[in-house]
Amino acid sequence: MRTKIILKDSQGRILEIHDLENEANNGFDVDKLNDGTYFVELLLPHGKSITHQFNINHN
């Protein structure tokens, strides 16, 4: 399994997925996101994962 980074909204819907081994740009463009709570999840080899919550406020 390759390492993937997933951007999810507050309802758990997947907005974007990047394969870290194959992508030159591993970032997400947060300027296009609405204000609210989002999650970035790293899916690591062997089934482990790390999730980080963050908030967007464009004010």
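This is a predicted model: local features need pLDDT of at least 70, side-chain atom pairs count only at pLDDT 80 or more; totals for chains, interfaces and linings use all residues.
Averaged over the chain, the pLDDT is 88, and 90% of the residues reach 70 or more. Among the elements of the chain, strand E4 has the highest mean pLDDT, at 96, while E2 has the lowest, at 91.

The next topic is the sheet. Four strands build an open sheet, and their order across it is E2-E1-E3-E4, with antiparallel pairing. At the edges lie strand E2 (14-19) and strand E4 (49-56), each of which pairs on one side only. On average, neighbouring strands of this sheet are turned by 15 degrees against each other, with direction ignored.

Two of the pairings can be followed in detail. E1 and E2 run antiparallel and are joined by five bridges. In this pairing, Lys4 stands opposite Asp19 of E2. The two strands form a hairpin with four residues between them, and Gly12 in the turn has a positive phi of about 85 degrees. Strand E1 (residues 4-9) also pairs with strand E3 (residues 36-43), again in the antiparallel sense, over six bridges. Here Lys8 has Phe39 in E3 as its bridge partner.

Charged side chains come next. Side chains of opposite charge can pair when their charged atoms come close. How many salt bridges does the model hold? The count comes to four. One of them joins the side chains of Glu41 and Lys8, with 2.8 Å from N to O. Because Glu41 belongs to strand E3 and Lys8 to strand E1, this pair ties together parts that are 33 residues apart in sequence. Are these two residues buried or exposed? Glu41 has a relative accessible area of 13%, so it is buried, as the cut-off for buried is under 20%. Lys8, at 22% relative accessibility, counts as partly exposed.

A salt bridge also links the side chains of Asp9 and Arg13, with an N to O distance of 2.6 Å. Asp9 has a relative accessibility of 9% and therefore counts as buried. In a further salt bridge, the side chains of Lys32 and Glu16 meet at 3.1 Å, N to O. Lys32 sits in the loop between E2 and E3, whereas Glu16 is part of strand E2, so the pair connects parts that are 16 residues apart in sequence. Lys32 counts as exposed because its relative accessibility is 55%, the cut-off for exposed being over 50%.

Most residues other than glycine have a negative phi. With a relative accessibility of 78%, His46 counts as exposed. Gly47 is found in the loop between E3 and E4 too, and Gly47 is likewise exposed, with a relative accessible area of 63%. Along the chain, Gly47 and Thr3 are 44 residues apart, and their C-alpha atoms are separated by 9.7 Å.

Definitions and conventions. Residues are numbered from 1 along each chain as its sequence is written. Side-chain values use heavy atoms; hydrogens and water are left out. Two strands pair if DSSP finds at least two bridges between them. Axes are lines fitted to C-alpha atoms, for helices over the stretch in contact, and angles run from 0 to 180 degrees between N-to-C directions. pLDDT is the predictor's confidence in each residue, from 0 to 100. Buried means under 20% relative accessible area, exposed over 50%, partly exposed in between (1.4 Å probe, protein chains only).
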